[in-house]
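Visitor: I have a model on my screen and want to learn how to read it. Please take me through it feature by feature.

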Amino acid sequence: MRSHEPRATWRSAATVTALLTSCALVLPASAAGAAAPPARATVADGWPQPSVQQLVENDFTLYFANAGSTVTDTVAAGDHLGLYQSRTDQKLGPDVATGRSWGYVVSSTSNPVANDSTGNVRSASLRYDAEPTGAHLPSREVAYDFDVPDGTYELTFGFQIPSGWGGRKVVTRAEGTALETFDTGTSALEKSYTVHVTDGTLNTSVASPADRNGAWADPAVSYLLVRALPSWTVETLGAKIAASTLSPEEAHGFASETVVALDAALDAAQALVDAASQDEAAIRAAFEAIEAAHDALRPVETYDSFRPGEPWTDDQGRVIQAHGGQVVPATDDAGERIYYWYGEDRSNGYGSSPGVHVYSSYDLYNWTDRGLALRAMSSADQFESDPYFAELYADYTAEERAAVYRDLGTVQTDPAVNAAILERPKVIYNESTGQWVLWVHADGPSETSNAQYAKANAGVAVSDSPTGPFRYIDSYRLHVAPEGEPNHMPSSPGMARDMNLFVDDDGTGYIIYSSEENYSLFISRLDETYTQLATPPAEAVKGVDFTRPYIGAHREAPALFKQGGTYYLITSGATGWDPNPAQYATATDILGEWTDHGNPVSGSGASTTFGSQSTSVIPVDPENGKFVYMGDRWTPSDLKNAPYVWLPITFGENGTLSLTNPGTWTLDDLVPSGSWSVRADLPGHVWLGDTTTLPSTVEVTQAGTTTAVAVTWDAASISRPGQVALRGTLADGRTFSRDVLAVPHDLRYVVNAGGETTSDWTAIRAVAEAEHGLPLLGSVPEQQLAADPSTGVRWGLSSSPADSALRSGGDIYQSLRYGKNHQDLVYVFEGLEPGTATVRAGFYDPWPHANRAARVSLNGTVVEQERLFTADPAAGQYTVEVGADGRAELRITPTRSPDIQVSWVMVSQEPVAPEVDLGVEASVRAQCTGRTATLSVRALNTSDVPLDIVLTTPLGTKTFHDVAPGKSASQTFSARTQTLTAGTTTITATRTDGTTHTQQIDHPTTTC
């Protein structure tokens, strides 16, 4: 191991002098051999003159054109800004810092245009030729020029064509010569060439082929690199050693084995430098070995939080391989709390599992790789040829070894026979025997079937150490449905697949597993060794030896734990690799009756459990109710890197369980909790998104004591109409919920598209009509477009009834109308006031895997481009301008192959207040006074309160304040001519409370 001290400790003075006085590169004569100062300098002809060290540290990059990038002043990790430039893309011209001319060329054959991109990652951006109409396609190109001293260079073209664009055939060119013709494809592609420059400018382009005839295949390029060519001397190698040596602090940030490999490469290179080697092949090999070892350094990250769904690496910088696993708390030899994480090793993907991996941690954030706890096998010969297996199973009979290989032989050796499968490993410690016991879903072919999941056994292994080696015993079928209860797989009794283990307070062990092709879930008691069922299947009694919390419910991925005398069981649905809504159940007797409580996730993430499937629950501090949910986010195309989703478990009122995804979080975010309840005095309904009518405190009872506690209400939880779960957060962070009815203001229509008189539809109507004391314009849940039977206003479904159908349900979301024949759903509402109205629509999909989507339009204008339908009830809110016809049309159009649906529609519009007659009798008379036309206006206050009266005429305005009851406001206006043109006079009366009444009186044309 190298000391990782600064390299000056081993550099000789002669070596340093050589590095600073030789360029050691293939450069033009004016530059080669010239003295190179430590910092970049400029020689007489104006060229920047980097030192050998600078060139090596910059990967010999003179230019890096990040074509089309919007961020040109920085480069991404692993890239280098060229030594002849100060930005990564520009139009051809002098560089603002170096003065050298370079950039993309705009000419009669090259019109480089940037694609839409962000950031500085070179694969994200590109420039393509946007040829003008009528251009000669085979002559088009994306051209870049670079000023360089005459000499030889490495030129690299990089391509990452978006998959939506498709690959294209292009020709790479340099110095007027075609280099290569090829198809770019849509994966990352690089092409490198050696190019000689004799005129001071490197001319490059990516051009169209001679046979191009399609306008869609524009030539394009993502980036270009121009590099100097190194001379393979000890000076160059010394610079590489200096650039690649790690300080102690840097070395600490990488996996130790990769640092050792780099040190070995550096030592080998240093030996060549010390020997003043002139062997160019050896020097180049040593240079490239350093480069490869440096590139292979694995960063090691120290964690201080959980980051659900993000990559998680161990102490060696490798992705943790503990899928479908479990974390077991224990005590180390020093008496400290330690955790062991067991799980599937998916480093080889789906098949050829190496076995069950184990890691250890003292903080649950940072994990030390402890290797394979249970090793799988690739050949039965390993019982003799591999010392590990030979020693571990030395006393096994041939029959016992056959059983081991049957379950641990995960590598397929015969194309006609499937290999074994190991999934969902779980481990518990047996206090009475001092052994660690591992159970695993052992699957693969059976004696009668070669199917991948025919065996469906529960395998068991034991070890004297938590990290193994675990010695495999055998696998078994487990309990079966009792007589008189549904059995969903009577032809294959005792199946065991997804599983978990649990040890109760009295030391009794239990195995929890999916059975009957995952239709039913069992909990079975284990014997005192934890390696067998306590009672054989033929003798087992339900309620004594086992129970079935779910029968025919298709639940899997069980995770069982206990808190405050209550057993909790979290499960997932059975949808393959795809995530689905979790459910949880509780019981006070583990082998007694279980009660299902539905989904522990509400709101966003409920339909997929935040993109995860349960695997276990970690008892961090069970006495204080602190537990962590462990989930897997399966990525079948890349199982090796499938991330983990660990979430805080929160216990709400009366022991309800909930999962939330706070993003990055820590153990400090776990809220201590026991059994508690809340009393909240809530109104009969809440206005949509409005918490102002809700109480600021609630009464919380815990351990027999009741106190008033401040509460914050979540307005977002009441942001959709209907019966919703109003979420409250107590001052100490605990949350609870109450079902309330959320109603929008100013409703004019409430339509249940399913046509049912559901209780929530009725309740919303009652609240809406009471708000302003006005009846709604629609009196029935739904109808075809026609006059309403009560109000006479026309409204309803205007699309053909043959193109849709009704689905009944218990509320306004489940009751819905769905389209047929890929037709639109259209509703029309008349009788509205001209002006702005708000239209809301409810969306819910009882068949969410259809992946349906729709476009929403109002009066012909698209108000939502894509509305997705999910299993989560949702509402869209839109604004429409109602014209003089008082009509609003809602159109829902399918945008994918499945038909679409709508649950309800509500239309809101602030009612126009009826005008109040304030009691003013007015008269207007056009007359002649001599030869002059005049207009006499009189307004009599017939009310019993004073009024302000304003007389507004075409000839002027007169205001009268506090006109007493029985008094008049009178004024004669002169036209000052013989003719008074016809017009209108407005009389406005205003009461002291602000109420206003306006009336208008016309007068004819009068000539005197």
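Guide: Begin with two strands. S11 (residues 169–174) and S14 (residues 201–207) pair in the antiparallel sense over four bridges. Here Arg173 stands opposite Ser205 in S14. This is a predicted model: local features need pLDDT of at least 70, side-chain atom pairs count only at pLDDT 80 or more, and totals for chains, interfaces and linings use all residues. Residues are numbered from 1 along each chain as its sequence is written, and side-chain values use heavy atoms, with hydrogens and water left out.

Visitor: What holds for strand pairing in general?

Guide: Strands of a sheet pair through backbone hydrogen bonds, either parallel or antiparallel. Two strands count as paired if DSSP finds at least two bridges between them. Strands (E, at least two residues) and helices (H or I, at least four) are DSSP runs, numbered from the N terminus.

Visitor: Which order do the strands of the six-stranded open sheet have?

Guide: The order is S5-S6-S9-S14-S11-S12, with antiparallel pairing. S5 (93–94) and S12 (177–183) stand at the edges with a single partner strand each, so one side of each has no neighbour in the sheet.

Visitor: Which strands are at the edges of the three-stranded sheet?

Guide: That open sheet runs S7-S8-S15, again with antiparallel pairing. Its edge strands are S7 (112–114) and S15 (220–221), each pairing on one side only. Three bridges join S7 to S8 (residues 127–129). Pro112 stands opposite Asp129 in S8.

Visitor: Where is there a hairpin with a positive phi?

Guide: Look at S39 and S40. Two residues lie between these strands, and Ala703 takes a positive phi near 55°. S39 (residues 697–702) and S40 (residues 705–713) pair in the antiparallel sense over six bridges, with Val698 opposite Val709. S40 also pairs with S41 (residues 722–730), antiparallel over three bridges. There, Thr712 has Thr729 as its bridge partner.

Visitor: Now aromatic rings. How is a pair described?

Guide: By the distance of the centres and the angle of the planes. Rings of Phe, Tyr and Trp (its six-membered ring) pair if their centres lie within 6.5 Å; planes under 30 degrees apart are stacked, over 60 edge-to-face, and the rest tilted. The whole structure has 52 aromatic pairs. In one of them, the centres of Trp47 and Tyr84 are 5.3 Å apart and the planes at 45°, so the pair is tilted. These two are 37 residues apart in the chain.

Visitor: Are Trp47 and Tyr84 buried or exposed?

Guide: Buried means under 20% relative accessible area, exposed over 50%, partly exposed in between (1.4 Å probe, protein chains only). Trp47 is buried at 10%, and Tyr84 is buried at 3%. Then turn to Phe306 and Trp665. Their centres are 4.6 Å apart and their planes at 40°, so this pair is tilted. It ties together parts that are 359 residues apart in sequence. Both residues are buried. They belong to a cluster linked by ring pairs, with Tyr303, Trp312 and Trp341 among the other members.

Visitor: Which charge lies over the face of Trp47?

Guide: Arg100, at 3.7 Å from the ring centre. The test is that NZ of Lys or CZ of Arg is within 6 Å of the centre and within 35 degrees of the ring normal. Likewise, the charged end of Arg734 sits over the ring of Trp676, 4.6 Å from its centre.
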